[in-house]
Amino acid sequence: MKFATRTQKTGHSGLEDLFAASGPNVISFAGGYPDRDLFPTKQLNQAFSQNFTSGDRELLQYASTEGYEPLRAKIAARLQTTGMQVDADDIMMTQGAQQGIDLVARLMLDPGDGLVVEAPTYLGALAAFNAYQPTYYEVPMQADGMDINALQRILMSRKVKFIYTVPDFQNPTGVVMSLAKRQAIIRLANQYDVMILEDNPYRDLRYTGKALPTIKSLDTEGRVIYLGSFSKILSPSLRMGWLVAAPNLLKELLALKGGSDLESSNLVMHGINTYMENNDLDAHIREIQDCYREKKNAMVAAMKRYLPEEAHFTNPDGGFFIWLTMPAGFDMGAFMKEHLLPEANISYVPSTNLYATAALSNGARLNFTGPSLAQIDTGMKALGAALKVALQH
Ligand code: PMP
């Protein structure tokens, strides 16, 4: 059987490795899982049950591609508090932020078209983009976001359709893009006539410091498409995210979504809407922040205590991930497969999977939200010991 050429790069996204590295005895720092103890099971149960007991049969009916208006209005109100000028009509609901990535790629990319991504970047975005056969241009990540000079050099010399960025607590590095770079990226997008896809599912999960404006809120020309999600603040199994775009783009994206899945689950949208009416989502988010702040601090402290001095790592202000860098040439993937997993049952995501083209092998993404405090300590102790052996201390 001959598959379409678009699938040539999709078979080895690295996603399978990631889930395979999460067996029952493994302490996994590989996943991007929320802490399951934080899911508001009672409140979600109450909200979904309330809708069913109301007897409204429309709950189980087809509804609309853009999604349930009261929920979109609530999302718009939350986004307005971040400075974004948006109302319900500027929003469409998606099957997680992941569907938004896929739809934007489908809208923008013909095979060979230029696409700028951060290096490293989110694995799932590469998995979505690969199907559209783009020409990747990678911009290195720095401590304050993508290297803007490198971006400018690319835009000056190449034709680019859009720039994909995760500006808040980037997956995988945990880095936040500075305000100056947010302003610069808008300026460059305007100058070179390119779009920006701002993927921002971690924005609400800030543990220290003050939030910066979204890139979308700095957009004066309708060039930014913004993605948000309930996955990290309520539950990923709801599969509910949203997309904000200018009317001309939204119209096209709605047609593409219709062709893909007609609409998102009406039942789930009603459930989330009722949850938000009955509960204080911000209070729930504060509870998540408190838990993850503690886990992140514990992880950073354990890394400082146990890891060899050659190991460098980020101390993110929010999100799900810490980025670990070993000396150039060290292969975090081979080390994990040959030593860490078989000998200590510990996994993470090696950096090799996280670059569009020019993969570096000496980094790793470590998740701190999924494992327990005890697993964090045990895991980092074992990682430190194994790294010291590998470095022949
Ligand atoms: N974007 C980024 C940067 C992510 O980390 C994730 C989840 N890991 C997603 C999008 C997709 O999230 P979801 O589809 O669950 O909203």
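A: We may begin with terms: helices and strands are DSSP runs, numbered from the N terminus, a helix having at least four residues. The model itself is predicted.

Q: Which helix gives the largest share of the shell around the ligand?
A: Helix α4 (residues 96–108) does, with three residues. Of the 14 residues around the ligand, those that come nearest are G96, A97, Q98, S229 and S231. By class, the shell holds five nonpolar residues, eight polar and one charged.

Q: How are two packed helices described?
A: Two packed helices are described by the angle between their axes and by the distance between those axes. Here, helix α2 (residues 41–53) and helix α9 (residues 266–278) have axes that come within 8 Å and cross at roughly 115°. The crossing of α2 and α9 is right-handed.

Q: Which residues of α2 and α9 meet?
A: From α2, the residues are Q43, L44, Q46, A47, F48, Q50 and N51; they meet H270, G271, T274, Y275 and N278 in α9. The contact comprises four nonpolar and eight polar residues, with no charged ones.

Q: What is the strand order in the open sheet of four strands?
A: The order is β10-β11-β14-β13, with antiparallel pairing. Because β10 (312–313) and β13 (349–350) stand at the edges with a single partner strand each, one side of each has no neighbour in the sheet. Between β10 and β11 (residues 321–325), the antiparallel pairing runs over two bridges, and F313 stands opposite L324 in β11.

Methods
Residues numbered from 1 in each chain as written. Predicted model: local features only at pLDDT ≥ 70, side-chain atom pairs only at ≥ 80, totals over all residues. Axes fitted to C-alpha atoms, helices over the stretch in contact; angles between N-to-C directions. Left-handed = near helix turned anticlockwise from the far one by under 90°. Contact = placed C-beta atoms within 7 Å. Nonpolar A, V, L, I, M, F, W, Y, C, P; charged D, E, K, R; others polar. Near = placed C-beta within 6 Å. Pairing = 2+ DSSP bridges.
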